[in-house]
Structure formats: C-alpha cells, structure tokens
Amino acid sequence: MKYSAFTLAYEALRGHADWKPAWREPEPKAEYDVVIVGGGGHGLATAYYLAKEHGLSNVAVVEKGWIGSGNAGRNTTIIRSNYLLPANTQFYEWSMKLWEGLERDLNYNVMVSQRGVLNLCHSDAQRDAFARRGNAMRLNGVDAQLLDHSEVRAMLPFLDYDNARFPIRGGLLQRRGGTARHDAVVWGYARAADRRGIDIIQNCEVTGLTIRNGRISGVETARGPIRAGKVGLAVAGNSSRLAAMAGLRLPIESHVIQAFVTEGVKPVVDCVLTFGAGHFYISQSDKGGLVFGGDLDGYNSYAQRGNLPTVEDIVEGGVALWPGLGRLRVLRHWGGIIDMSMDGSPIIDRTPIDGLYLNAGWCYGGFKATPASGWCFAHLIARDEPHPLHAAFRLDRFAAGMVIDEKGQGAQPNLH
Amino acid sequence: MRIICPYCGERGNEEFSYLGDASLLRPDPAGAGAMHAFADYVYLRDNPRGSHREFWYHAAGCRSWLIVTRNTSTHDITRVEFACDVAAARMASFEDEG
Amino acid sequence: MTQAPASSASEKRSFQPYRLPDGGLIDRSRPFRFRFDRQSYTGFAGDTLASALVANGVRVVGRSFKYHRPRGIFTAGSEEPNALVELRQTNRREPNTCATTAELFDGLVATSQNRWPSLGFDAMAINGRLSPLFPAGFYYKTFMWPSSFWEKFYEPAIRRSAGLGRAAPGDDPDEYEKAFAHCDVLVIGSGPAGLMAAVTAARSGARVILAEDDFRLGGRLLAERMVLDGRDAASWVALIEAELESMPDVRIMRRTSIFGVYDHGQYGAVERVGDHLPEPPAHQPRQRFWKIVAKRAVLAAGASERPIAFAGNDRPGVMLAGAVRTYLNRFAAAPAMRLVVFTNNDDGWRTAADAINAGLPVEAVVDSRPDVRELPAAARSGTIRVFRGAQIVQAKGVRTLRAVEVIDAEGRATSIACDSLAVSGGWNPALHLTCHLGGKPQWRDDIAALVPKTAPPGMAIVGAANGAMTLADCLRTGADAGVRAAVDCGFTAKTIALPRAGDDSVAVTALWLVQGKGKAFVDFQNDVTAADIALAVQEGFRSAEHLKRYTTLGMATDQGKIGGVTGLAILSELVERSICEVGTTTYRPPYTPVSLGVLAGHHRGKDFRPTRLSPSHQWALERSAVMVETGAWLRAQYYPQPGESDWLETVSREVRTVRSAVGVCDVSTLGRIDVQGADAGVFLDRVYTNAFSSLPVGKARYGLMLREDGFVMDDGTTSRLAANHYFMTTTTANAAKIMQHLEYCAQVLWSDLDVQMVSVSEQWVQFSIAGPRSRETLRKLVDTQYDLSNEAFPHLAARPVTIMGGLNALLFRLSFSGELAYELAVPARYGDAVIRGVMAAGEAFGITPYGTEALGVMRIEKGHVSTNEINGQTTAHDLGAHRMLSTRKDFIGRIMAERPALRAPHRPVFVGFKPVDRAARLNAGAHFLPLGAAATAENDQGYMTSVAFSPTLGHWIGLGLLQRGPQRFGERVRAYDPVRGGDVEVEVCDPIFVDPERVRLNG
Amino acid sequence: MADLALQARTPLQDLARPGRFGAATAKPGLLIEERTDLALATVMARRGREHDLNRAVAAAYGIDLPHGPHVAAKDGVSFAGIGVQRWLAAAEGLVEADFVDRLRQRLAGLASIAEQTDGWAVLRLRGDRVRDVLAKGIPIDLHPSRFATGDVALTVVAHIGVQIAQLDDRPTFQLMAFRSLAASLWSWLSKSAAEFGYEIVPSGSPGRRTDRITTTKRSINSD
C-alpha cells in the first residue's frame, strides 16, 4: 500500500487493519545473482539501486541481526557534503542530491531536514582552512557560506562568546546539510527494495565466503549456504573480519565511537553545530532530544560501548561551547563500531577475488553517505566497473599514494 | 579502561595515547621489494576481533611505549610489556639465529 | 524565599489535607513552603516534591508527550514517567525533573510542562481525540508532499509540540566538580541487601563505598512496615548506618547515583551536593561527578514495580501499588481516600494491608489469579471486596480517577467507585548496570521477570536486583556477597548473623495486558499503547529493537523502566515466541539521566582546557599586548600603541621596525627537546630527512621530518651543543607529537641506540631578537667575553653564553624573519627580567616587541613554510624542500615518499603570489584557477596557504601551492575565494619576497 | 646594563599570595606552600651504563637509585623515579648551577643530564583535608595503604600533567606541574580547596630566589 496522508486517514477510519509488513521475511533461496552482506543502510540501499537502476532483483541482503542494527541505527543522523577534497566532495554531494529526493523515491518519510550544518572556527588559521574547504565546495557546486563572528552570534546567541577558552571567530555553514531520521532510512530502503522483489534475510550471519580459483561463488550462512554470482560486502566495522574470510587484509581498523542523547526539550537549536576547538557536535531531533557526539574513543574495539574519558571529553566540549547545556541531562549514550580507514576516506572497489566487492572505510561518516554509497556500489556490482563518482575510493590507493586525507593525519586511523 | 603500566601501576586509558597494531615490524628499507613491504606495514592491518597486541604510550606517565595484549571484543587486558623489552628480545633472538 | 517564621508552622501543617496524622520519616517540625504551577503549598523536611504534592491532594502533575493526557504521580522513584516538572527558575531551570526524587526544600518552585495554556486545560489534548490519525510511526507515511513543506511547516509544528520541558534560557550559573574514589568493595544501593553487603565487607577491614541514590539509607525498607530483629525497619537501618559511619575506611555516599559501569572496574557516579537546597552552598558545587575505581562491586539496586496495561491505566489516581505504600509508610501521605488494588501477585496485597493500617478505606482487591491462597486479615474479615481471577478492564475519569470496571472470574462486570487504584504487575529487577559491559538478561518464569544472566567482571548481584524477592533472601544474598567481595580483595571476612525477618510470599502470575476498549498504555511518557505495539508487529517490526524504534517504546526519560518489559511481553505474545527469543533492547548508561554540567566538571569557560603562559606573559600584558590562542598557549599577537587605528597598522609598524632597527618576539612556545647519547647523531639522521651527525658542534641546522607515510610531519632547527648533545626545536603545534614520535623511534624501532631525550621546553624561555640592530642590542646584554662578530658568531652559530652579568643562556643565530637575527634562550624564571633587559638594551635602537602577526608577516615575506603549509597533506616536493631528502641514508618516510602519487607532476607546489592590482587584498584559502577558466573543480589548480600585507613591499603577498608553480613565475592566475566574495588576479612569483640574496641575514 | 636587576619570577608569583582563602572553616583544610628553592635535573641512564650509574649515584650522594616510582633522598638531595632508567634529581636549598653541574661531572658518561630547575611549578600541600582536595583531580589512589611516604606518581590533574610525591607521614605532598601551566593548575587547586578553606603559607625555604643572581658561568653541555 502506498503511504500517503490519504491512506493514513482512510486506515484511521478502518482501525489500521490493512497495513502490511514493510518488508517480507522470506526464507533464503539457494541462489541469487547478487548477495549483499550487511543489512544496514548501505547494504539495503545497494540492493534497492541494483533493482531500480540496473534491473537486478534476484538479490538477497543477508543480515546477521535485525536490519539497521549496526551503525545505521546508532549514529547522530547528520547529512552533509561539506568536504575539502574533490573525490569526497563530489561523492557526498551526489549523496546529498539523493537525500533531497529520497522521500518521493522511496515513498517513505525519512525526515530529511535541511536545517544547516555549521562548523565553528576559533582561529585565523582555522578560518582560512574553512575558507579553503568552502571554496572547494563551491567549485564543486556545493553550497557553502563562511560566517564571521557576528553572523554566528546572531544565529546562535546562546553560545559562549565572551568567556570562552577558544573564542568563536566564525564558521562554515552548509545550509543544505542537516539531519535525517536514521531508522527510517533503513526501513524506507528495506521497504522499497522489498517491493522490487529483493529478499531481506535477517538473523542470517555469514560464516564464510565460498571462493574457488580466485572467484567467489557464494556465502556460507547460519541458515545454510547461498550461491551467488556476485557478493558485495557492506558490513562497516566488521569489514576486516569478512575480508579475512577471503584471505584479505584491509587498510582498516575497527574503532568505537560514542553518541549521546538528552531528554526531550522544546526547540533550542535549529542547526547541526560543531565545535572547532574540541570534540563536540550537536543537533536536536524532532522529538526534542539533543543528539551529540565527538571524537572516537581511540582504540581498536568491537565492543559496542565506550569509556568515560571520551564521555568527559565530549561533554566538556559541549558545555564549554554552550554553557546553558549544563542543566540538561544525558538520557543515554552508546557506542558504534566504525570502519576507520587509513586515510579517513571510504573504499568502494573490486577486490582481488573476482565477483567480491567491498564497500567499507566509512569512518564516522557513513550515515550521510548511505544513498550515494548504495548507488555507487550497485553500479560497481552491476557493471563490474567503478562509476566516476567513486573511482577514487580504490583499494590500491594506499600503496600508490593516492590517499584522500581530509585531515592530513596520515596512516593513523584514530586521528581521522 | 584501566591499563597496568609496568612502571607506574594501574592507570586510566586517558593517560595513554594509542598507536595500534604492535605486531607490525618496520621492514628493511634496503630489502628487495621495500616499497611493497612498507605499503603493507604502513597501511594494512589484521584488525582482529579478539586478542590484539597494540602499542600504547604512557604520555602522561613514565613515557614508556607499551605493548598491551587486549581483547578487542571484551576489552580484557591480559598482558602489558615494555615495547623496548620486546624489541630487545626480538633482536636477541635474531642474533641467536645468527 | 526565606525561611517561614516558626509561629506559622502549625498553621501550615493544616494545609496538607492528605497528610496522615502521624508516622512517616518526615520532620514535622520543619515545614517547607513550595510552589507548583504558581500555587503555594507546604510540605515537610524529608518529603520529596511528589510526596508533598500527594499530601496536598494534587492529582494532575503533567501531560503526556503525544496525546497530552492529564497524568498523575505514578511511582515513588526515579522511574517516574509522569510527574516530570521544571524545577527552579530562569537559568537554574531543570526541565524533566522527577518530582518523585526531587527533595523538597523551603522555597522550591516547580512548574508543570508540555501543556498550553495550563495543566488543567491543554489545547493539545485534541491530539487524544485525533489519535486514530497518529498511530505508531504515522509520520513515516505522510508529510512527504510537497517536499518543501517538511522544513517549512510540518517539521516545525512537530518540533514545537514535541519535547517536554523547556531548557534554561541562559548559562548555567552553578559550579560542578569531578572527583576520584577508590575502594575494595563498592556497594550500589542501601536496601537490606546492600546494607548487609556493606557491613559484612566493612567488618573484614575492606575499604567500602556504599552509594545510595536516595538522601536516606534503607531503600525499600523505608517504604515497608517490616520488622528485623524485632525492630522496625527504619531503626534497624539506623543501627547499621551508625556502625558503618563509625568505620574509617567506609564512605557512605548519599544522594549519589551510580549511573554507569565502565571497563576494568570503573563506575560513574553523580553526587547531588546541592540539589536539595535552593542553591548550592558557597564554595561547593551543585553536583560532583565521581569516578569510582572498585576491585569488587555488589549491585543491590533492588527492583522496580511495573504496571498492567488496561484501558485508562494512565488516569491520575492510578499508581503503582508499591508507590502507594511508600507514600503511606515513608511519607505519611495518603494517595487515596477510596482505594482499589489490582494485582497479579502477592505483593499487591501488602498495599491493601498498609492502607487499612493507615486507616484508609480499601474498596476492593482485584487479583488476576484465580487461586490466591492466603489473604490478609482485613480481607478475610470481609471489609474488603475481593475479586479472584478478575481483571480491571477500564479505569474511568479524566482529571482524576472516578471508578474502575472489573470483570470477575465469571465474566461479570462490576463498576467500583474509587479515587485511587494501586496496580502491581510484578517487579522488574534493576539489572541495568549489569548490562553496560555487554551482559544480556535472561527470563525467569517463576518471578515473571528478566534477571541478570552474567555480571560484569568483579560484580556480584544481590537481592531483588538478582530476583531475590523476599526480605530474608535479600539479607542473605547481600551478606554472602559482602563476604565474597572482601575475600576476593584479600581480607578475612566472617559471615555475620542475619537479622530475623519475615519470609513473605511473593508469588506472581504474569498478566501484561487486559483486553478492553480504550487506550492501554505501555510506555506512559511517550504514549505508546498496546495497540501501537500490535500495529508495529502487523507491519513487520518484530524485533525488540525495531519495535522500540518504530513505536518509541522505552525511549522516554525512564528509558523503558516502566514499560520495557511489558512491551516485550506483549510483543512475545503477538509473535508467539518466548521473551528469550524476542530478546531485549540494550540497556545503556546512564541508569538515570545525568546532567551535562556534572560530566564537564569545572572544564568550561576559561577552564575548558589548560592555558599555557610564557614567562613573559605578565610583561606582555603590561605592554597591552593583544593575546591570541595558539594551541594550548596564549601568545602576544601584536602590541598596539596609542594612536594606532587597527591591528594592521600595529603589525606593519612592528615589521618595519624589525626590518629597519630591531624587534623582540617571545618564541618560547616552540618545542625544545634535549637529545643526548653516544648515538644521538645517528638517531637524528634517521628521524630527519637530512644529516645531523655531520653537524659541527656549535652550529644549528634546519631539519625536516617526514611521517613514515612519506608526508612532511614537522620542521625546525637542531643545534649541536656537544659531540653527544643536540638541542632540537619543533613547531609549537607539534611539540608533544614529536616527543612521542622520537620516543617511539628510540624505544620501539631502534632500541639498540644509545640515545636519551627529554623535553626542556619549560626550562627555557626563548626570544627572537631580529633586525639590523639586533647584534648591537645583544652586545649590551651578552657578557663581554663573548665575541658576537659575524666572523666569530656567524649565521647558524649556536653556543652557550652568559648574559647580564653571569646568567647562563643559549644563543643561536637563527632567522625566521630574514634579518640579522638571534634566538636567545634563558632559564624560564628569568624570562620576565630578560625581556625587560632586552627592551632596555634595544631602547637606543628603537626596539619594538612584536607578536605572532608580525612574525607571520616576515616569514611570509621570506617564503618560509609554517603550519599552514605543513598541514599533513604536503610532501617535501610540494614544499620545494626535496633537496633536503638525503640520498645517502635511510630515514623515516623515505620509502613511502617515493610512491608515484607523491611524486606526481600535477601536485601543486609551493610558490609566491602578488596581486596584479597591488591594492587588492589576498585571502588564504582562495583556490587558483587559470585566467578565463570557469570556476569548476576541474580547473582547480591549488590554493593559497598564507597571506600577509607586506609593509616592506607595500602590498599584499601570498604563499600557496600551485600546479607546476615553479615553472609559472610571472604567469597570472585567479585567486578565487567565493566564500568571501573574492576573485583576485595574482601573479605567480618566487616565494621569497624580501632579500632573496640573503644580504640582511648575513649582515 | 648596570642598574638592571635580574629578578626571578616564580611560577605562581602573582597567584599564590600568602593568606587565608575559601570557606571560613575553623582551621584551614589545606596548607599550600610554593617551593622555589629546588634545583632539578632529569637524569637518564646511558645505554649499557645502568649499573655504573647506580654505583656512581650511591658513591656521590649515598642514595640507591629507586627502580620504580619512588623517591630516595638524603641530605637534601633526592632522586625520584619517573620512568625506565630515568629520574628527576632534586636538591633543596642549593644554588642550582652547582647541583646540576656537579651532577654532570659526577655522572659523566653514565647518564644524560638535562636541567629542569625552571621547568616546574612546585607546591607542597598538607592539612587535614589534603587527600580530599587531591581526590578532586588526582586519579590515583592516595589512600595510605596504597600511596605512602616516598611514593611518586606521574599523572594528570584537570588535563595538566603533574608529578606527585608523598614526602612525609603528616602527610605532605609535593605537586609539580610544568611552569607554563601553573596558572591553570592553580585554578583547579584553589577551586578544589575552597570548600575546606585553605591557607597559602610563605615559602619556608631559605633564599627565595628573587634576589639578583650571582652565579658564574657554567657549562650547559654534558660532555
């Protein structure tokens, strides 16, 4: 049933008796053209675009838990395309364009809210770096505005301007950036993919990859073997573990990053805000909770939890930036496992195994990439050749030196 | 997390900085295929879920580089060694072999 | 508000119509006046806001999130879903504060939230009538057309109606603090199990911390009429408390919530130091954040009662049965005048007994179990109507409960008039802390509850938190855990005699949902009903996490403490799988909400991060220096003089003075590392791209360091003070990073080398003295035996000297400005004296102090790279420094710097820029485009890294990275800066703008 | 230059002025004294000379070098373990040039010596509530059973690296931070102590070095 205000009203009168499951729960078939491992946003989007853009619908998405149980369901919901380096800018801008039409595309309200993403700067050098980035964005056709101190102050009068350790000098604003409802993105893609005939198979952990003569022929799962002509990996923090099943080592470390939400309050901040002199960013959800986060915990981890020093570091940044936050309360904090690549940028590429494709290295920014990641990965899998939008996200770029290092931190993942 | 520094005793992880996989050995820069070996050394990681030997630097303490054996799934720490001791032992074993 | 005069005390007491005449753990001699929604009331010391409201007969205390239904106090604890208020006013306003845990104080002001215009009449209650349009997840299905309406119309409307309370309008005026505590045994909770654990462990000599959320020890014992060792519970608690207080190694932390369990025995706790007072006492924080490190922990957090879902189960007057007892017994406040009890377990009957004991009429007890064995005396005597095997299908009333509909075992309907309904659906162990490190709970059928399956390392779980529901079991498991914890910590612990206590029956038969007409709430605060769960399941949201996320069940401030298990049970019935199979959602920290202020402690404002100050700081302030944050440092940016109109005029004057006379600048922020040892030279050869083992003693050399990935990491000068002794400088930004890197190289990579290093950054204050008159200035400072002539002390000389009559110093002939220049390092404590000395010595030559701006201008004029160019993305080739890459030795980064992409000819290379229109201003961050080319990414050829107005040349100059830059001198390109509206034609040039022949340098 | 006095400034010179501050408790919970008479040097063993270094220190100062985070002291000279084969040597009340120079001479070839006299702000802390004040920042366990006289620790207080040692059983603690961070350390300490009331006592050490220096040339080189 198509979702609309009309059907909602109609169903309200009928006691909502007719709503069908948003996606089926099929048994896995013996064979698919393509198996996507990972039922997060990226995997589901890949499946959706395989069907929509490439006419491939004999596709399964296999997920070890419930769809969206990884980082798709535990991020801070930010979408933006305010990148410096051309490879990233163009890719994330394509993602932004897909976000802007996603609700009508999926017939699902994923609540894309373009309320603006503002990065604050606290020194002349930082402002110049923002100018460099903003100009790069503009050259790539992305909106960017450099705000001075008074413009920031007019926009967000409640921040600490007069007693700050690191005074606010200005900021880089991308008005088209904002947030989207993370769970809805998963469900929207799942429902839309399902409607195009794709099998979404939950509680189906992949336990092995079937490889013969350098070519993949299927996956072993907790629910039995599944044959596949092509297999795409979109498993975020578990990328190294899956790759190891194919005998591959990746330029990736799995790290934990924490996120936080406060109790709901009436609207207080109407944009996504990042502190440039500490590790803190914040936005307010439609339900009223302030959603915030900061830096990684900084060590390899597969445990979905963080530790206190990072909690303190993040909250200190928050209260330093915005002293009025002191009396609001954290309701919940949690950790996600992210696939930190060695240069901070993603990988969407073929692997040395024929028919095995890799979508990984999203660091802490995978959510905003969801549509373009799925779109590009679908293109790569369907055509077996990269689309120009992600051609730079190669697996061999490290050995060749074509790193895409936005922060200039080099090969130390926890610093990106 | 709490790391038992062999010099300073048990401390919170905020006193340390992290460098990652300690099983990597800097390749011989004069060796054949050094470029390839260095690319692997600098960029590729096992990234295991489970036991992981990793470098931590006690930046706010004794400034020792440590090798910590820690389970990345449970965060349990089973061993902490001075990195220089491990390096010395490795060098000694090379010399023994000859 | 001031303390009320004592004479009016008795008068105030009469204003509490629902206060029982005696009993309770309140201090009737200390009446407190408070306000709720502008109405004035009184309560007593020992009350919570909720108990005082109960005593005053206030029924409606809040509105629900979605339907704005009137709600009353539902619990007596931190799991309260309804009675959330805005506590205090203006900048001390705390939204969403549980009235049930807020301690009453004189002058307390609270306001109800999420209603307009008033709590009694809320216009948004219309949502309740429109509720068929707002089922679970309705918003995912609509608001999609037209797309621009989402941000403009739908979303703002949703956001305005969402949220509960209002955040404080301004900065939080209170202080916060952090503290550390260490112990052998941390006991969490001071109910019967916790007290036994604490006292047992403490008697063994173990260091014990007993943390209690409440302001009073005792836990559930305070709320029940129980007898231990022949004493009433409160007296028994007092006895144990006194013993614990007397022990030196026991710390009792009241008003302290353990909110989270973290790796390796760390516990996060918040002590509410001043929340029970109108404002925190002088010199004390509002709250204190404790980080507790414990070898062992005993979790004795008790259990919380859960409701039963039936139509109208949220009506004001419906309250958890245990909470009714708490108000009666602990607070002597009557939540009811005509009470009905609805229970599925034996515990509910206690409420009836306690109500009767308090003299309150109990209309009926409705027990869903057909086979209740024993009834309390009052029920047996026939004064209470008893329904066995019956259910309440509906609670009626809007702003207060008026009646309940009972369907008895035979299916007959009865309506019972009442003003209160005590509900007990059983108890949920408070197992949250056991899950913070990844533990999963398991289902226990006999108590119809989730209990911990595993405990975090070092934690024992006792009492009701572990499903031990009787008092005797609580006491026993607590004492046992106390012994074990002490023994584990190396103490000899004896089992102590357990107090005699009744062994009450606690049988329960699960009942989650009574089918009926009307909304049956599961999550009260978020208005999630049983029908919402059913719809979610119908739509395929069958995993516990999907259910939660689709319906928002368990996402309110109580984080599912009230409705979580009930929701799972209803889900499991709908999908016909056991609760184990359905699984639970994950319990995350914090256990109860924690203020951001306390987690930040005093690290806000200027104390957000430490500030490093140079020894010349005080002097610079006296000179009216404008200070600027440079990493952790505050540095003098420029030194304005009277009559100068703006910073540019000042900076230009400083530059001109240095170039024409002499200036002094504090460069102490550079990292200084003392490197010694027989292999110090070899070591430096390996970390720098260029050679240092060949550097003569008494000389300095500029060095470049790469990261192992081949990109430039840092630069600086290193001097050889003796054969085995080098003095390295790093950039300000990278000082700590380089120290760590060098230690890595020495300890990990080349531990066979004899090299030792230590930071001496703090030992020395270092001044750059630059300009054609710098030698003359120094001549007045440096003791006469030192020859400073160009021959004796040439460029890059580096030697110890004494100055000002014997003060030891290091003198370097180094120049960042391109002038004849020196850097003088002296022991830090003399920094203030020496800067004054330098100024006095240079006075005759017209010396000026100069700040970081002038320093930057002159380095740009000289084409020296700095942090803007060494940004982690540039190679030695990019920076025109490839000649510094030695080909005769290995060094860090050598191999990877040879990767093809790092040597690619299209990489932008370091060059200088001048505006073609000399009046034009340049901006760093501008990108370079070929003249006439479109402003697109394809035409992007590099960017401007640094700019300055050069007073020497009289126009703006820039440094930057441009593709094939060095081959394009004289060519013009666009410096395109759309974010600042800039588009300037610039000429590519040599990056050395001033004195390329280095005449001044060698002067 | 004749009339230019070389006044030394102590790290806390304008911050810690003697007097009584914070809550008006009957007795100050904390007594704070800034020490300005310590000559300090980092002593790092040369590779392969560790045993000789131990012997040389024992011979010169009668002190067994501690191999761990402890301080060994005799006659006003102390060696505090601050890392593997690394010590902070201190001399009380001495003219620092003499101490560090002599240290260089006596340990030549055995250790790398770097003077740190000016690098540190040094506070001595005592009083009934000293542990309660320190608990507000020192993350390590200072309970007498865990940290006793002679123990040393390098750690972090309020994001500031510090070195703390227990000097006696009263107990007196010595808290040190880098000079540039003295003001931030003071911000933390004064706020943390205010609840208990604190008194800043004048430096009890002889020769608070604000007088004009009289030292003569000495070597900065070690070899």
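In this predicted model, 28 residues of chain B touch 27 residues of chain C, contact being heavy atoms within 4.5 Å. The area buried between chain B and chain C comes to about 2400 Å², with 56% from carbon and sulfur atoms; buried area is the accessible area, for a 1.4 Å probe, that two parts lose on being put together, summed over both. On the chain B side, Arg2(B), Arg26(B) and Arg63(B) supply 26% of what chain B buries against chain C, more than any other three residues.

A word on conventions. Residues are numbered from 1 along each chain as its sequence is written, and chains are lettered from A in the order in which they are written. Local features need pLDDT of at least 70, side-chain atom pairs count only at pLDDT 80 or more, and interface totals use all residues, while side-chain values use heavy atoms, with hydrogens and water left out.

The rule, a side-chain nitrogen of Lys or Arg within 4 Å of a carboxyl oxygen of Asp or Glu, finds 3 salt bridges between chain B and chain C. One of them joins Arg63(B) to Glu743(C), with the closest N and O atoms 2.3 Å apart.

Which elements of chain B give two or more residues to the side that touches chain C? They are β3 (17-21), α1 (34-43), β4 (51-57) and α2 (83-97), where helices are DSSP runs of H or I with at least four residues, strands are runs of E with at least two, and both are numbered from the N terminus. The largest share, 7 residues, comes from α1(B).
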